[in-house]
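Subject: Structure for your review

Dear colleague,

Please find below the structure that I am handing over to you.

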Amino acid sequence: MLNAEKRKTLLLLIPVILVLIGYVLYPSIETLLESFKKNGVFSLENYSDFFGEKSAANFEALWNSVYISLLSVLLSALIGIPLAYIFNRYDFPGRQFFSNIAIMPIVLPSLVGVMAFMYLYGEAGLVPNAIKDVLNLSEVPFSIGGITGILIVHAYTMYPYFYMTTSSALNNIDPSLEEAAYNLGSNKFKVFWKVTFPLLTPGLVAASLLVFMVSMASFSAPFLLAGGFRVLSLQIYFSKINGDLEMAATQSVILSVVSISFLLFMRWYQDRKDYRMASKGIGAHRSEVSNHILKWCMVSLGILAMIVLLLPHATLLILSLVPEGAWTWQTYPTAFSLENFILLFEDPNIWDPVRNSMVMALLACLGVFVFGIITSYALVKRKFIGKNLLDILVMIPWALPATVVGMNLILAFNEPSAFSFGKILVGTFWILPLAYFVRFIPLVVRSTTAVLEQMDDSIEEAAQNLGAKWFYTFRRVVIPIIMPGVLSGTLLAFVQAVGEFPTSVLLYTLDNRPISIEIMNQLRMFNIGQASAYGMIQVGLIAIVMFISYKFLGVKTENTL
Amino acid sequence: MSTVNLSAITKQFGDVTAVEELDILIKEGEFFTFLGPSGCGKTTTLRMIAGFYYPTKGKVTFNDKDMTTVPPEKRNTGMVFQNYALFPHMTVFENVAFGLKVRKITKSQTKKRVEDILKKVRLDQYMDRQVSQLSGGQQQRVALARALVIEPDILLLDEPLSNLDARLRDEMRNEILRLQRDYGITTIYVTHDQAEALTMSDRIAVFNMGKCQQVGTPTEIYNQPVNDFVAEFIGETNLIPIAFKEEKNNEKIYHCEQLDADIQVQATEVNIAEYNRNDQLLMSIRPESVQIDKASLTGENVFKGEVILVQFTGASVHTYIKLSSDAIIRATDLNEGPSTYLTNGSKVNVKLPADQIRVIPKARM
Ligand SMILES: Nc1ncnc2c1ncn2[C@@H]1O[C@H](COP(=O)(O)OP(=O)(O)OP(=O)(O)O)[C@@H](O)[C@H]1O
Ligand SMILES: [Mg+2]
């Protein structure tokens, strides 16, 4: 019977390991091998090219990626931390409302967000032009583009990481610690730097690493805004477009090395003992702001933040109402109508991408749903050798930049392989759902693991004791209990799959082009209205999903990052 | 209903031996308790009976049927877990019906049996509640009902009362006993609370460090412990090292170094435990058997001492008396009013009655 237990574990592990090897490990290895080939023969030439003078552009791109990421961390921290501190520590009219708004950037898929920024603050953007007209200037006073553009978009989309970690850390600090410091005679300033800040550090370090990784991988912002500016994730795309797969592989390997070392560093850092609060469950205490000037300063800050944060959403909505041809050379759009939305339902050409996106996201989600449950169950409830290794393997797709995931799949499946049942997947419908599946494995596994860890082992034993076989127990007891966690992870995966751009742009075909690709196409044709309408659809889907997970699964938006 | 026979059971987790060479026979319909300090292997033994662990060595039989490696779902035992392990996504009814559903009992039968058992544990009006909306005691009763409704051959309870407050604990003790007697079901109960074990059990097995020290009825365990571990773990006792000197008439004489005196003990089975030649010996005397008096006492084993501490606990009074430089003895008397309390420093006579002393060997580790 001991053997029966082991057999069950093995039976669970076999599909998990096959999938991970086939679609995560094998593609990565294919990329690694490819990077050591020049015209089909083994050589180190790609690497010497990368770091050598022959293609200085690559090295420049790596360097740019790193320093943009560092600056993104800095900017996001400078916005996120003070905002979190003010919204969580002071009480003033509208506080709750502002703090809800503060995380709005996460409902914008990256491509859509960048697009909104482009039409808000870009060369032909609404804000610079409005200022120009109001002040009667001859030229637009400013416009974003290139590196500033990328940085501003990064700051906007990534500051929530800092905002959320700081907020939750602040709410977990036992107020009596600070009170003790005051009691011992420290002033406010000292208390912050000597007590509060050190307690926030672990969270902040984690957020910094996360933002760094995310901006290293960032694709949409440079794609739309970079101009001549080079970053590594984009270089991979260009190499691929130019047909230099070997160079694309080399670039992928280098970007992966940076990302994975950050993942390992992060694991190490989180495993280290940090100072957890001994006391729990004490709500944050907020100081009422009694000084009137200060109070209204804070309210104004809240309002200002709200406007800046919601302007992209509003712009998107307005632009989606601009029919084709109503905003070409004019400074402002000239007409508004629901035409773009109506076309969605009338013109099959326009509806197709929406359907494609939903179908492919759904397929990927079915996959991660099943795979996530099995993998998490094996990881949490079963004993076997090499568990740590499996855990790392599961997390790899999370550390890999989307562009690299895309490249890996191209290099693995542009020829028949056992894992594609002897077919070439590149250029078919199936490659994109597969890419989404791989991308979002970690998300579902993590949310499922969290609920499974909460579930006591004795629950399963109780069912067994009452006569239920393993599979019955799994179906009737385990799955219903963990369902909320699995579903919230899966729904989030769905949302992100619908908005996914980097892998889509590498792998799409004419027949399965998803919404993101169609947005790109419409932008190329300067059909801003239709592009925005697509964007609105994505935002709408995200909003619905978040509402469902909040309402029915009790998942807070904050926990979804 | 079954007998349970554990023969020469050993369970190892890696290097740790959790249970060693255990032999126990539990009779049909018996209320049998595993008692012992934390980490002594009680849960491990219970789980081997339930089938969650398989013994490294030895055999588990129910009614002469070998169950050693039968999976838990085929053993027909009903287990109540320490944390209740109720299914959080089901109602009270669904929880209790789970085992019946697995056994493919018809809907109407299930409904009837669940209703009956819920009535028995006085939870019939909570049938449709979600289990998270129940109090600790109510959850406890759902767990009990869930285990009983399948009419198990053996009922297994792992410290089922340890999460409850003192009053509820008392109430649930009676409840469990009542149900056990009603169903006449063989029951194995794990606890480290000796009062619980003594009041509830037909027989008790005392564990220490993976070994069963003694099996017996509560009175046997209390009055005739087989070694110093059992004597000390169950109730309070005074332990003083002694050595055998000689046998006279119906008495054995032991020498006590600490008191520098001889001690007479009745040479009966009740007063002298089995021991080997080279065992270290101790005498154990319960505080309530020690007689103290300011006036002189007659008879055997009378010593002079000085009162060093008097503790008042309500129903009884503990008096600590120093008999010699390294022998302190404790006496417990029922509270008979302030006039009877002794004061620190007073000289008293102490008698250790020859028929109340028990000579026991030191437990072999
Ligand atoms: N799964 C396991 N793996 C390794 N060691 C174990 C395992 N289960 C129990 N042990 C060890 O076996 C010994 C006996 O444990 P057991 O749980 O049976 O004690 P117990 O008598 O039930 O104690 P308690 O009263 O604290 O519940 C302990 O030393 C424990 O650490
Ligand atoms: Mg235990």
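The notes that follow treat the ligand, then the contact between the chains, and finally the salt bridges. Please bear in mind throughout that this is a predicted model.

I begin with the ligand. The residues around ligand 1 are Phe13(B), Ala18(B), Ser38(B), Gly39(B), Cys40(B), Gly41(B), Lys42(B), Thr43(B), Thr44(B), Tyr53(B), Glu159(B) and His192(B). Sorted by class, this shell consists of six polar, four nonpolar and two charged residues. Helix H1 of chain B, which spans residues 42–50, contributes the most to the shell, namely three residues.

A polar side-chain atom of Lys42(B) is found 2.8 Å from an oxygen atom of ligand 1. At Gly41(B), a polar backbone atom is 3.0 Å from an oxygen atom of the ligand. Tyr53(B) places a polar side-chain atom 3.4 Å from a nitrogen atom of ligand 1. On its own, ligand 1 has 640 Å² of accessible area, and the protein covers 63% of that area.

I turn next to the two chains. In chain A, 19 residues are in contact with 28 residues of chain B. The size of an interface is often given as the accessible area lost when the parts come together. Between chain A and chain B the buried area is about 2,000 Å², and carbon and sulfur atoms give 65% of it.

Which side chains meet in a salt bridge between the chains? The count between chain A and chain B is one salt bridge, and the side chains that form it are those of Arg47(B) and Glu461(A), at 2.6 Å from N to O. Eight residue pairs are in polar contact between chain A and chain B. On the side of chain A that touches chain B, the elements giving two or more residues are helix H19 (457–465) and helix H20 (470–499). H19(A) supplies the largest share of that side, with seven residues. By class, the side of chain A that touches chain B has eleven nonpolar, four polar and four charged residues.

Lastly, the structure holds 20 salt bridges over all chains. One of them joins the side chains of Arg230(A) and Glu60(A), at 3.8 Å from N to O. Arg230(A) lies in the loop between helix H10 (220–225) and helix H11 (232–241) of chain A, while Glu60(A) lies in helix H3 (residues 56–89) of chain A, so this pair ties together parts that are 170 residues apart in sequence.

A colleague

Terms used: Residues numbered from 1 in each chain as written. Chains lettered and ligands numbered in written order. Predicted model: local features only at pLDDT ≥ 70, side-chain atom pairs only at ≥ 80, totals over all residues. Heavy atoms only, no water. Near = heavy atom within 4 Å. Polar contact = N/O pair within 3.5 Å; in protein donor to acceptor, adjacent residues only side chain to side chain. Areas by Shrake-Rupley, 256 points an atom, 1.4 Å probe, with all protein chains shown as cover. Helix = DSSP H or I, 4+ residues; strand = E, 2+ residues; numbered from the N terminus. Nonpolar A, V, L, I, M, F, W, Y, C, P; charged D, E, K, R; others polar. Contact = heavy atoms within 4.5 Å. Buried area = accessible area lost by both parts, 1.4 Å probe. Salt bridge = Lys/Arg side-chain N within 4 Å of Asp/Glu carboxyl O.
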